[in-house]
Amino acid sequence: MFEDGAKCAECHSTDAGPNGEPALLTDFTYDNIGVPANPENPWYQQDAFNPDGRDWIDPGLGGFLATDLVYAPYAPAQIGKQKVPTLRNVDARHSPVTAKSYMHNGFFKTLEGVVRFYNTRDVWPRCAPDLRTEAQALANKCWPAPEVAQNVNTDELGNLELTPADEAALVAYLKTLTDE
Ligand code: HEC
């Protein structure tokens, strides 16, 4: 499922690393997978550093490229792209009750929510503007708009046609990636 049915390994590679290491679960590329803004991101309230407040968006790789004269021409095609993270220890936590959050901005708090997003991002309707958290999205079967609308990957995710049992199997697999 991880390698074929749900295409996860197209980015979270299960091949051996360059020096023969066990799978690193990233291919080190960048993608905008359309993660919504996290309304609970404390950065929005840090006026001293973030004059844009709630309007701030994370430009990802494109924002970095735009700061360099040589690379700036390549920036627009990379706006909103984040590096594919490893999934090693993705469920590791200090104790069973320690809270987790996922993605560059912490929008997701659960692996169930992450997998449902990959499966239904382009199937569920857009949420009403007042529904902005992962919990609200899951309860109302809708997804908020992506934080960055440009360059969203629609080839490998968004409508995977997975059953609830398939989703649960993927979550179970992600939970095996925790070191002893
Ligand atoms: C097109 C490339 C791509 C595919 C396919 C893909 N991912 Fe990802 N994944 C990413 C990127 C990029 C991020 C980081 C996005 C961000 O931070 O906004 C990510 C983040 C994650 C995270 C959060 C990790 C963390 O530490 O925050 C999980 C969990 C995850 N992916 C699981 C999966 C699963 C399960 C699948 C298959 C259903 C999958 N991914 C398919 C590119 C991909």
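Helices here are DSSP runs (H or I) of at least four residues, numbered from the N terminus. With that in hand, let's visit the ligand in this predicted model.

**Where the ligand sits**

The ligand takes up the space of the largest pocket. Around the ligand there are 22 residues, and those that come nearest are Cys 8, Cys 11, His 12, His 104 and Tyr 118. Which helix gives the largest share of this shell? That is helix α2, residues 111-120, which supplies three residues. By type, the shell is made up of 15 nonpolar residues, four polar ones and three charged ones.

**The iron atom**

Two of these residues also hold on to the metal: His 12 through NE2 and Tyr 118 through OH coordinate the iron atom of the ligand, at 1.9 to 2.0 Å. His 12 belongs to the segment before β1 (30-31) while Tyr 118 belongs to helix α2, so the pair ties together parts that lie 106 residues apart in sequence.

Why is the arrangement around the iron atom octahedral? The iron atom has six donor atoms around it, and the angles they subtend run from 88 to 179°. Six donors count as octahedral if opposite donors are over 155 degrees apart and all others lie between 65 and 115, so these angles make the arrangement octahedral.

Technical notes: Residues are numbered from 1 along each chain as its sequence is written. This is a predicted model: local features need pLDDT of at least 70, side-chain atom pairs count only at pLDDT 80 or more; totals for chains, interfaces and linings use all residues. Side-chain values use heavy atoms; hydrogens and water are left out. A residue is near a molecule or strand if one of its heavy atoms lies within 4 Å of it. On a 1 Å grid over the protein atoms alone, a cavity is a set of points where a 1.4 Å probe fits but cannot get out, and a pocket is an open set with protein on both sides within 12 Å along at least five of seven lines; lining residues have an atom within 4 Å of a point. A molecule sits in a cavity or pocket if more than half of its atoms lie within 2 Å of its grid points. Helices (H or I, at least four residues) and strands (E, at least two) are DSSP runs, numbered from the N terminus. Ala, Val, Leu, Ile, Met, Phe, Trp, Tyr, Cys and Pro count as nonpolar, Asp, Glu, Lys and Arg as charged, and the others, Gly among them, as polar. Donors are N, O and S atoms within 2.8 Å of the metal (3.2 Å for Na, K and Ca); water is not among the atoms, so sites may look incomplete. Four donors count as tetrahedral if all angles lie between 85 and 135 degrees; four count as square planar and six as octahedral if opposite donors are over 155 degrees apart and all others between 65 and 115; anything else is irregular.
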